[in-house]
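Dear colleague,

I am handing over the structure below, and after it I set out what was found. Please read the notes with the coordinates open beside you.

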Amino acid sequence: VDKKEQAEVYNIYLRKAAEIYGVTKTRQIYEKAIEILGETESRQMCIRFAEMETKLGEIDRARAIYIHASQMCDPRVTGDFWQTWKEFEVKHGNEDTLREMLRIKRSVQAIYNTQVNMMASAMMQETGPIGTVSDLAPTLTLGLKDDMWRLEAKGSESDVKKTAAGGGQAQSNIMFV
């Protein structure tokens, strides 16, 4: 089945299995769908699965599904998921479960923030250090080359000389113990 049509095929499969075998027999199908589908479809499938478990009175199962789904939901992007989970906890949980949900939200947000920072630093390493006017357009400094600029230029020249003399690797006087 084509990736674009997988979610729809699972929806049909879930409907037919619920009609024939009953709602409780769809758990394995939901689990397989969540495992195979992409993040967006999997997130929607998790919400449907949690809602089904809630209707069956399986509050703890539904909470476990929300916890699982939270790992693929950036709080800055998927606010609807977090709002759905918060409403679930307000309705079926207590103060402790709501606090746990908020703790998980903060930890997931920290993970996504770390990933964004690591991606940004990787992009900076690929493109090289940029950002100042003298870096972007050295001819536009209008003769205002201060002492710091001269030191930076001298340092980069010495780095180039060391790299050329050292066979491609710069020698360093810094030793880590």
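What share of the 177 residues in the protein chain is buried? Buried residues make up 28% of them, where buried means under 20% relative accessible area, exposed means over 50%, and partly exposed lies in between (1.4 Å probe, protein chains only).

Before the details, a word on the basis of these values. This is a predicted model, in which local features need pLDDT of at least 70 and side-chain atom pairs count only at pLDDT 80 or more, whereas totals for chains, interfaces and linings use all residues. Residues are numbered from 1 along each chain as its sequence is written, and side-chain values use heavy atoms, with hydrogens and water left out.

As to the fold, the secondary structure of the protein chain comes to eight helices and zero strands, and from the N terminus on the elements run α-α-α-α-α-α-α-α; helices (H or I, at least four residues) and strands (E, at least two) are DSSP runs, numbered from the N terminus. Of the contacts in the protein chain with a separation of 6 or more, 46% are accounted for by residues 24 or more positions apart, a contact being heavy atoms within 4.5 Å.

Helix α1 (residues 6-21) and helix α2 (residues 27-36) pack at an angle of about 175°, their axes 10 Å apart; the axes are lines fitted to C-alpha atoms, for helices over the stretch in contact, and angles run from 0 to 180 degrees between N-to-C directions. The two helices, α1 and α2, are therefore roughly antiparallel to each other (under 35 degrees counts as roughly parallel, over 145 as roughly antiparallel, 65 to 115 as roughly perpendicular and the rest as oblique). From α1 the contact takes in Gln6, Tyr10, Tyr13, Leu14 and Ala17, and from α2 Ile29, Tyr30, Lys32, Ala33 and Ile36.

Turning to charged pairs, a search of the whole structure finds nine salt bridges, each defined as a side-chain nitrogen of Lys or Arg within 4 Å of a carboxyl oxygen of Asp or Glu. One of them joins the side chains of Glu53 and Arg27 at 2.7 Å, N to O, and this pair links distant parts of the chain, with Glu53 in helix α3 (residues 39-55) and Arg27 in helix α2, 26 residues apart. Glu53 is buried, with a relative accessible area of 0%, and Arg27 also counts as buried, at 15%. Another salt bridge is formed by Arg63 with Glu89, whose closest N and O atoms are 2.9 Å apart; Arg63 lies in helix α4 (residues 59-70) and Glu89 in helix α5 (residues 79-92), so the pair ties together parts that are 26 residues apart in sequence. Both Arg63 and Glu89 are buried, and together with Asp60 they are linked in a network of salt bridges.

Within helix α6 (residues 95-127), Arg103 and Glu100 are three residues apart and thus separated by about one helical turn, and their salt bridge has its closest N and O atoms 2.7 Å apart. Arg103 is partly exposed at 42% relative accessible area, as is Glu100 at 34%.

Finally, the cysteines: the count comes to zero disulfides, a disulfide being a pair of cysteine sulfur atoms within 2.5 Å. For Cys46 the nearest cysteine sulfur is that of Cys73, 7.6 Å away. Cys46 counts as buried at 1% relative accessibility, and Cys73 counts as buried at 0%.
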